[in-house]
Every structure is written in structure tokens, then in C-alpha cells.
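Work through the two exercises below with the sequence and the model at hand, and try each task before reading its solution.

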Amino acid sequence: VIPIPGVSAAITALAISGFRGDRFCFEGFLNQKAKERQGRLEELKSESRTLIFYEAPHHLLQTLTDLVNAFGPHRPLVMARELTKLYEEIWRGNLGEAQDFYAKNNPRGEFTLVIAGNEVLNSLLLTDSSLKTELEALMSQGMSKSQASRHLAELSGISRRHLYQLALTID
């Protein structure tokens, strides 16, 4: 897919991301004060809409670190850089992969980050029964009770301790 100029970088990046575009949340640039930025990301942790952020290259790695801490490393991400310009670049992966990549590679240009909404909250009824079913599915893939609890906590925003207690009730 090759994007064409649109209303803004946010809309162009959303269009090429492949994420749900029917409902999205445009956040623009996050606050540079760490406490405010991290607080806002905690508020957005369970947001089911696609999230769009802008970021400057010199703040990108810290923002990716904060995003991983708030949303977990597995949340899908598309990063668009220098849209419609000579050095246009589209990067696809997840937050953890982006953090690793940009820890080793110097970011250049202005970025638009498009992050998939928290689909787990959309797809699960958050009852103990449905959570146990999800934990069982993860454990059947070879995860330990602790790993499954941690993974589901990252995806859902539900307390890891609560999920682990549920996992202990599974034979």
C-alpha cells in the first residue's frame, strides 16, 4: 500500500495501518513531563479504539518505552515517517519490537504512531469464566500459569495477581 497525501499525517497513517479506522482516538504529541505522559498512557491502556500519536525523533525511544510499560510489548503498532516525502518509511510490528529497533537505530524525521486498540477488551466478556477460558488457551500453547497470567494482564489491563489466582484454580 502506498499512501497518498490526505488531510493530515494522522489520517494518512491510519488509512495505511490496516487497523480499525471506524473509531479512533487522536492524541497528538504526548506531554513531555514524564508523570503526566505516563498518567495519560495509563488512562488509555484499555482504550479499544485505534490510537494515534505524533512524536519527534529525539523523544521517540522514551515514548516507546513508556508505551511498552503502559500497554505491554505485544500491542500492534504501525509507525509512519516522513509521509509523502522522499524518505517516507512505514514500519510495522509491535511496541516491544519498535523499542528494540530504535534502541539500536537512530530515529530520524517526524513520526506518526498508530497503535491498535485493546482488542482483548473488545473480544472478551470480562467475567472470571471467560478469563479462565483465555488462560486455559494460553496454557495449552505451552505457557506456564504465571506466563499466561502476565501475558493476559498485559493485553487486558486486568490485575496480574487476579489472573494468577484464577489460573491456580485450573487443573
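The model is predicted, so local features need pLDDT of at least 70 and side-chain atom pairs count only at pLDDT 80 or more, while totals for chains, interfaces and linings use all residues. Residues are numbered from 1 along each chain as its sequence is written, and side-chain values use heavy atoms, with hydrogens and water left out.

**Exercise 1.** Determine how helix H6 and helix H7 pack, and which residues make the contact.

Solution. Begin with the axes: H6 (residues 128-140) and H7 (residues 145-156) pack at an angle of about 120 degrees, with their axes 9 Å apart. H6 is therefore oblique to H7, since angles under 35 degrees count as roughly parallel, over 145 as roughly antiparallel, 65 to 115 as roughly perpendicular and the rest as oblique. Next, list the contact (heavy atoms within 4.5 Å): H6 contributes Leu 131, Glu 134, Leu 135, Leu 138 and Met 139, and H7 contributes Lys 145, Ala 148, Ser 149, His 151 and Leu 152.

**Exercise 2.** Describe the cover and the pairing of strand S5.

Solution. First take the cover: five of the five residues of S5 (residues 111-115) are buried, that is, under 20% relative accessible area with a 1.4 Å probe, protein chains only. Phe 111, Leu 113 and Ile 115 point one way, whereas Thr 112 and Val 114 point the other way. Then take the partners: S2 (residues 50-55) pairs with S5 in the antiparallel sense over five bridges, where pairing requires at least two DSSP bridges between two strands, and Tyr 54 stands opposite Thr 112. S3 (residues 76-81) likewise pairs with S5 in the antiparallel sense over five bridges, and Arg 81 has Phe 111 as its bridge partner.

Conventions. Axes fitted to C-alpha atoms, helices over the stretch in contact; angles between N-to-C directions. Helix = DSSP H or I, 4+ residues; strand = E, 2+ residues; numbered from the N terminus. Buried < 20%, exposed > 50% of the residue type's maximum accessible area, 1.4 Å probe, protein only.
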